[in-house]
Each structure stands twice: as C-alpha cells, then as structure tokens.
Amino acid sequence: MKLTFLGTGGVTAAPLFGCNCRACQRAQQDRRYHRAPCSALIEAGNERILLDAGLPLLATRFRPGELTRILLTHYHMDHVQGLFALRWGKGASIPVWGPPDTRGSDDLFKHPGLLDFRPSLTPFVAQSFGELQVTPLPLQHSRLTHGYLFDWQGSRLAWLCDTCGLPPDTEDFLRGQLLDRLVIDCNDPPQTAPRNHNDLNLALAIIDRLQPRQAWLTHLSHEMDNWLADHPLPEAVQPARDGLILSSGSGWPVTV
C-alpha cells in the first residue's frame with residue numbers, strides 16, 4: 001500500500017491570500033512549502049482511491065479510468081470542491097463513498113454527472129476493495145465526518161481528519177489495533193479551547209493513547225507552520241507535506 005499526500009493544508013494554509021506572515025512568505029517563494037487542500041491518493045493492488053476531493057483541478061491531475069473510486073471524509077467545500085467540475089466529464093462513472101450526510105454539498109447529489117454516489121459504509125465494519133480493507137471511523141466535526149482505517153495485508157494506516165478529539169467508540173476501536181501509521185488532523189498550534197479541529201495538544205494526546213509506530217500531522221494552518229518553525233516535535237511525530245509518499249513495501253519508508 002502506498003499513500004501520497006496530495007494536500008496537507010486546511011482552509012487557512014500557507015500561502016493564505018493577503019497574509020505576509022513568515023510561513024506564507026516562505027510558501028510564496030518556495031513551492032515546497034505550499035499546502036493544497038487536505039487529500040491523499042491510496043494505492044493498493046489494483047485500487048487507486050482518491051481520499052477527499054478538495055483539489056480544484058482533478059480533471060487535469062488524473063486521467064479517465066485512473067481512479068477506481070473516491071472516498072470522502074465529509075462534505076465541507078474544501079474536501080469536495082474538485083467534484084463540481086469533474087462530474088461533467090465523459091466516460092465511465094466513478095464510484096463515490098462518504099458518510100450518510102443527506103445534505104451533501106450544494107447540488108452534487110441532485111446533479112451527479114459521472115459521479116456514482118454509493119450507499120454509505122457502516123462505521124466500524126470493514127469493506128473490502130480488492131485486498132484492501134477499509135473501515136469507516138466516526139469523528140468529531142461540525143459536519144458528519146468519517147475517518148478511515150486502511151488495512152493492507154496486515155499493514156494498518158488510520159486517517160483521522162477532520163476532527164476535534166475523538167468519539168469514545170472510535171478511540172476504543174483504534175486502541176485495539178496495531179497501527180503502523182496514523183495521519184491526524186492538527187490544524188492549530190497549542191490553544192486553550194480548540195474547536196472543530198485538533199490543536200497540537202489534542203493531536204499529541206491522541207497519538208500518545210493510540211501508540212502508532214509513526215504519526216503524521218496534516219490539515220495544517222499557516223499558524224501551525226509558523227509554530228513548527230520554532231518548536232520541535234516528538235521523535236515519532238512529523239508534519240506531512242504535499243507530495244510526501246508513505247509505502248508499506250518494506251517497513252513504511254518515506255519518499256520525498
């Protein structure tokens with residue numbers, strides 16, 4: 001299994017329009033520090049799964065037939081905006097799974113085009129896509145949101161974004177798993193009362209309780225990037241960045 005971070009930013013990621021903070025200036029000058037909307041590509045066997053669709057130009061990023069399916073965490077615009085243009089394309093339909101949010105986003109359900117919205121997956125019940133097992137995990141956010149546990153031949157990766165803390169049932173479920181990798185929402189530096197997204201304190205507390213072999217922070221804001229420039233993280237925790245690849249082929253090496 002291979003995971004490619006296509007985007008690692010939240011809605012206030014660097015470079016933020018009109019902002020001249022250190023992180024935003026750095027991202028404007030060096031593309032390596034730019035953060036696109038939070039999303040990933042999961043590749044396992046014959047499966048090529050787009051995890052969230054916030055990238056605005058999906059039709060130029062992927063060829064027809066290249067994606068076997070799309071998996072959505074929730075229907076906030078920064079996680080689905082790429083679907084609005086993609087749906088009017090031609091060719092084979094693309095299966096789309098997401099949480100059972102009947103509101104969806106704008107008119108995607110009413111005018112799906114080539115998007116084939118499927119019945120929602122059942123929380124805590126694994127769904128087989130080829131040899132890849134995918135288990136939906138309820139999260140805590142302002143919209144109905146699912147994280148996912150990916151299990152490929154015994155290698156397990158949990159994707160927990162967007163969330164502010166974890167529901168008890170989800171945490172209990174994950175504490176019973178041996179996690180090789182954990183990708184977790186960490187939108188903000190340490191705060192006194194985080195809401196809607198994890199701050200660093202919440203993210204590190206979850207990591208400490210779940211004990212993955214390696215943890216990656218994603219959905220990062222420009223404020224979080226400014227904090228990271230001056231503060232170290234624990235040894236087994238790293239900030240993700242766009243284009244980073246995790247592979248389970250030989251001990252989950254990292255490719256930049």
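These numbered points go through the strands, helices and cores of a predicted model.

1. The UniProt record, an unreviewed entry, lists residues 36-197 as "domain: Metallo-beta-lactamase". In the model, that span is 12% helix and 30% strand. Its end C-alpha atoms lie 17 Å apart.

2. **The seven-stranded sheet.** This sheet is open, and its strand order is β7-β8-β9-β10-β11-β12-β13. Pairing is mixed. Strands β7 (127-129) and β13 (237-239) form the edges, each pairing on one side only. From one strand to the next, the twist averages 20 degrees.

3. **A parallel pair inside that order.** Strands β11 (residues 181-185) and β12 (residues 214-218) run parallel and are joined by five bridges. Within this pairing, D185 of the model faces T218 in β12. Helix α6 packs on the sheet and touches β10, β11, β12 and β13. The direction of α6 makes about 155 degrees with that of β11.

4. **Strand β1 and its two partners.** Strand β1 runs antiparallel to β2, with five bridges between them. It also runs antiparallel to β14 (residues 245-247), here with three bridges. K2 shows both pairings: it stands opposite E43 in β2, and its bridge partner in β14 is S247. Five of the six residues of β1 are buried, so the strand is largely enclosed by the rest of the structure.

5. **T4 as an example from β1.** T4 is found in strand β1. Is T4 buried or exposed? Its relative accessibility is 11%, and buried means under 20%, so T4 counts as buried. Beyond its neighbours within four places in sequence, T4 is in contact with S39, A40, L41, E43, G243, L244 and I245.

6. **Helix α5 has a buried side.** In α5 (residues 168-175), T170, E171 and L174 are buried. Why do they fall on the same side of α5? They cover an arc of only 95 degrees around the axis, which puts them there. An α-helix has 3.6 residues a turn, so residues three or four places apart point the same way. The face turned away from the buried side carries the exposed residues P168, D169 and D172.

7. **What α5 packs against.** The buried residues of α5 pack against β8 (132-138), β10 (155-160) and α6 (200-210). The helix itself lies across β8, β9 and β10. It runs at about 145 degrees to β8.

8. The largest nonpolar core has 26 residues. Which of them touch the most other members? They are M1, F5, L71, L132, F150 and W159. The elements giving two or more residues to this core are β1 (2-7), β2 (39-44), β3 (47-51), β8, β9 (146-152) and β10. In soluble globular proteins, nonpolar side chains tend to be buried together.

9. V80 sits in helix α3 (residues 77-80). At 0% relative accessibility, V80 counts as buried. Leaving aside neighbours within four places in sequence, V80 is in contact with A53, G54, L72, H74, Y75, S105 and L108. L55 is 25 residues away from V80 along the chain, and their C-alpha atoms are separated by 7.9 Å.

Definitions and conventions
Residues numbered from 1 in each chain as written. Predicted model: local features only at pLDDT ≥ 70, side-chain atom pairs only at ≥ 80, totals over all residues. Heavy atoms only, no water. Buried < 20%, exposed > 50% of the residue type's maximum accessible area, 1.4 Å probe, protein only. Helix = DSSP H or I, 4+ residues; strand = E, 2+ residues; numbered from the N terminus. Arc of directions from axis to C-beta. Contact = heavy atoms within 4.5 Å. Core = buried A, V, L, I, M, F, W, Y, C linked by side-chain atoms within 4.5 Å. UniProt positions renumbered as here; feature names shortened; annotations may be inferred. Pairing = 2+ DSSP bridges. Axes fitted to C-alpha atoms, helices over the stretch in contact; angles between N-to-C directions.
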